[in-house]
Amino acid sequence: MKPNARFLTSLTLFAGLFLASTIIAAPEKEAGIGPSFKGPIGLQLYSLRAQFGKDVPGTIAKVKKFGIKYAETAGTYGVPPAEFKEQLLASGITPVSGHFGYDLFKDHLDDVVRDAQALGLKYVGCAWIPHTGNFDESKCREAAAVFNHAGEVLAQHGMQFFYHVHGYEFQHYHDGTLLDLLMNETDKKNVHYEMDIFWIVFPGQDPVQLLEKYPGRWELMHLKDMDKDLATGSLSGGTDVKNDVALGTGQIKMREVLAAGQKAGIKFYFIEDESPNSEQQIPVSLKYLEKVEF
């Protein structure tokens, strides 16, 4: 073989190997990430609670198949927290946030810290403040004290406490609402908030306005959409789970909310779909996030 031919052959081989290595090294496309929405996007595992109750490994495999990389927990379905974490990590899913019951924060905070550490969580939060009848000032002030203490203790262990707003906090109070009182009575440094956009719109509030009203307080966001026929204005904090619909198919102004969330610096977004059709709707929601532009 002539020298020039040998050189061209080597060059071709090198180019081929370089191209192959480039393809192999190319980052895997993340589910839910598109031209405008950049995430990071995860799943609140409660969305598949029925499936987890029957088969934990099999349901984790379903989450992996969705292309989900981050998880928010709400219990571990009888599996020890450390083992649950390892099963998630083995499937390429990182648990970053988790919900625990209010009474645990109030009376058994050490147990919360232990389990949150075992799960490897960064964010540790409460999704519901138990109350009878309408949420009131007394219960709001009690919760603020519980949250301040939890936030201080969790911060000492390298974790951040948050409260997931559920809609009943918009009871009228002076010139505002009880959510305003809760925000004002909790420590900005140690108590953060998770905005579930469904539970902001259902009571008749505006997610964009609240993101702007309390800059720096909202760290996390639950993405879910609401059936177009569902009336708003309720302060119950609850409705039929069948009213959860795939993102982009309901009445919530998703483009405006996503743009405002990005501007507000939301750290993690979690799809939460509580409907009985969640397994079918989650892929639709992910595709919407991949295509939406704002």
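Visitor: How are helices α3 and α4 oriented to each other?
Guide: In this predicted model, the axes of α3 (residues 56–66) and α4 (residues 81–90) come within 10 Å and cross at roughly 40 degrees. Angles under 35 degrees would count as roughly parallel, and 65 to 115 as roughly perpendicular. The two helices α3 and α4 are therefore oblique to each other.

Visitor: Which residues make the contact between α3 and α4?
Guide: The crossing of α3 past α4 is right-handed. On α3 the contact is made by Val-56, Pro-57 and Ile-60, and on α4 by Phe-84, Gln-87 and Leu-88.

Visitor: What end-to-end distance does helix α12 have between its end C-alpha atoms?
Guide: Helix α12 covers residues 278–291, which is 14 residues. At 1.5 Å a residue, α12 should span 20 Å. The model agrees, with the end C-alpha atoms of α12 being apart by 20 Å.

Visitor: Where on α12 do the buried residues lie, and which residues are exposed on the other side?
Guide: Buried in α12 are Ser-278, Gln-281, Ile-282, Ser-285, Leu-286, Tyr-288 and Leu-289. They cover an arc of only 160 degrees around the axis, so they lie on the same side of α12. The exposed residues on the other side of α12 are Gln-280 and Lys-291.

Visitor: Which elements do the buried residues of α11 pack against?
Guide: In α11 (residues 254–264), Met-254, Val-257, Leu-258, Ala-260 and Gly-261 are buried. Their arc around the axis is only 165 degrees, which puts them on the same side of α11. These buried residues pack against α9, α10, β9, β10, β12 and α12.

Definitions and conventions. Residues are numbered from 1 along each chain as its sequence is written. This is a predicted model: local features need pLDDT of at least 70, side-chain atom pairs count only at pLDDT 80 or more; totals for chains, interfaces and linings use all residues. Side-chain values use heavy atoms; hydrogens and water are left out. Helices (H or I, at least four residues) and strands (E, at least two) are DSSP runs, numbered from the N terminus. The expected span of a helix is 1.5 Å times one less than its number of residues. Buried means under 20% relative accessible area, exposed over 50%, partly exposed in between (1.4 Å probe, protein chains only). The arc is that of the directions from the helix axis to the C-beta atoms. Axes are lines fitted to C-alpha atoms, for helices over the stretch in contact, and angles run from 0 to 180 degrees between N-to-C directions. Angles under 35 degrees count as roughly parallel, over 145 as roughly antiparallel, 65 to 115 as roughly perpendicular and the rest as oblique. A crossing is left-handed if the near helix is turned anticlockwise from the far one by less than a right angle, and right-handed if clockwise. Contact means heavy atoms within 4.5 Å.
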